[in-house]
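Hi,

Here is the structure I said I'd pass on. Have a look, and my notes follow below.

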Amino acid sequence: MPTPDIASPNLTLGVIGAGTMGRGIAQVAAEGGITVKIFDATPGAGEAARAFIEKMVARQAEKGTITAAAAKLISARVTAAADLAEAARCDIVIEAIYEDLEAKRKLFSDLEAAAGPDTIIATNTSSLSVTAIASVCKKRDRTAGMHFFNPVPLMKLVEIIPGLATAPEVTNALVALAKRMGREPAVSVDSPGFIVNHVGRAYVPEAGRIVAERIAAFHEVDRIMTGAPGFRLGPFALLDLIGSDISVAAMESIWGQFFGEPMYATGPELKLRVTGGLYGQKNGLGWYAYDKGKRVEPPAPAASPSRPKLVWIEPSDVCPHFTLDLTAYIAAQGIGVDRSSAPPSEALIILTPLGWDLTTAICDQGFDPARTVAVDMMFGLSGPRTVMVTPATEPAYAHAAQGVMSADGTPAILINDSPGFVAQRMVAHIINVACQVASRGVASPTDIDKGTKLGLGYPMGPLAWGDKLGAGTVLHILERLENFYRDPRYRPSPWLKRRAMLGLSLLAPNGTERA
């Protein structure tokens, strides 16, 4: 099948839609040396987009990131098409109009009628089926998805999505086009949410469940996740930034497209805020309060002055370094650590469970519930530390635990009992969803991690993170969650389970297993 020469200095690109996404696509294409014709049905919108791009490129020259001569060349490559037919006669056309299936189908039909026989037509849809959009075309093999992320000039990721009828040569051409535009392509099958919006169904919904269960307050969850785990934004700050109305609509859409898959389900608490108009930063009403558009952080918890007289730490057979690291920290605060085989009376008892809830651990091992707490050690001692209590924990012991864990000036957050604390269960759920994406063959493990890091800004790709923690560790946490809640939401992906049992890397090639 003939496809355009992507490396050609004469390559032309038509962009349909002169809004935020269309402008961004046109700009990065021109920066890649491609001649761009941008068209919008609104009179004057194409020329306004061209002028906007010229201003953005000039600003780069002012900052010294490019030369003034380069800025002029880039701007000169972008022109406003007089009509749809002019843009359609380019080598490749990318539509970037609003997310409406029928509108996109109509546009694809019109584009195909006006385009040349070898033109590739791509959609920038973020949520609709590429196959469904292209169903109106006669040459469906020349159609595909090319999903950019907002803001396009700053976001390096592009998802390349072949539909069911897309020719391999077309997919390869769009991968090459993305690279010429300075983007990082990740290939996804035509599946709800593609890669990024699919993997993203773990972070915010699981945080919503934690808050709904009164395990921790929303701002405490944010502080925990931006601490040792290393997320740039907590889930609730992220909800406010994107807008709860947009986020919840995406959650409901993907959950529905997977026919009610529990792993992707959200909760009524998030929906309630949308119906109540608490959208977030854009209207100043969200999880956080806003002052002149700036998020107002709730005050940090006051450090407890209480200290235990003596601490006994349960030895961890699963993760011995948990015990060693915690013992060294507490001893450094000048507090005695009893090393006998059983906790002496009056000592504060600290457990470091992996996946287990504290109540189950206490009952299984016969500890005194009044003076037993748990500390999450999976991500180490940096950032806010998490101290977990049960309904039976005496306040004096809870405050003493919080006091010793914040004795060096690092905050310690008291949370209610939960299997997997906060960070363990959220990170395990993210990894499990990513494994489910891999198991469905949506994308390669490498592209799943690339898409997640570049598209969502997570500290690590979820599969690489699973390798770092250990697939067996992640499986253990998920099995504890599933066992406690009896909720299929937490059932481990078979893809993860097999690799954990066989001791394989989550990023390793499949060997003889079918792709």
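Which helix gives the most to the lining of the second largest pocket? H2 does, with 5 residues. (Helices, H or I with at least four residues, and strands, E with at least two, are DSSP runs numbered from the N terminus.)

Before the rest: this is a predicted model, where local features need pLDDT of at least 70, side-chain atom pairs count only at pLDDT 80 or more, and totals for chains, interfaces and linings use all residues. Residues are numbered from 1 along each chain as its sequence is written, and side-chain values use heavy atoms, with hydrogens and water left out.

Back to that pocket: its space is about 330 Å³. (A pocket is an open set of points on a 1 Å grid over the protein atoms alone, where a 1.4 Å probe fits, with protein on both sides within 12 Å along at least five of seven lines; lining residues have an atom within 4 Å of a point. The volume is the space filled by probe spheres set on the points, which are joined across faces, edges and corners.) It has 15 lining residues, and Gln27, Met56, Pro151, Pro153 and Leu154 are the closest to its centre. Helix H1 (20-31) and helix H2 (45-63) are the elements giving two or more residues.

Then there's an open, mixed sheet of 6 strands, in the order S12-S11-S13-S14-S15-S16. (Strands pair if DSSP finds at least two bridges between them.) S12 (336-338) and S16 (412-416) are at the edges with a single partner strand each, so one side of each has no neighbour in the sheet. S13 (348-351) and S14 (372-375) run parallel, joined by 3 bridges, and Ile350 sits opposite Val373 in S14.

Cheers
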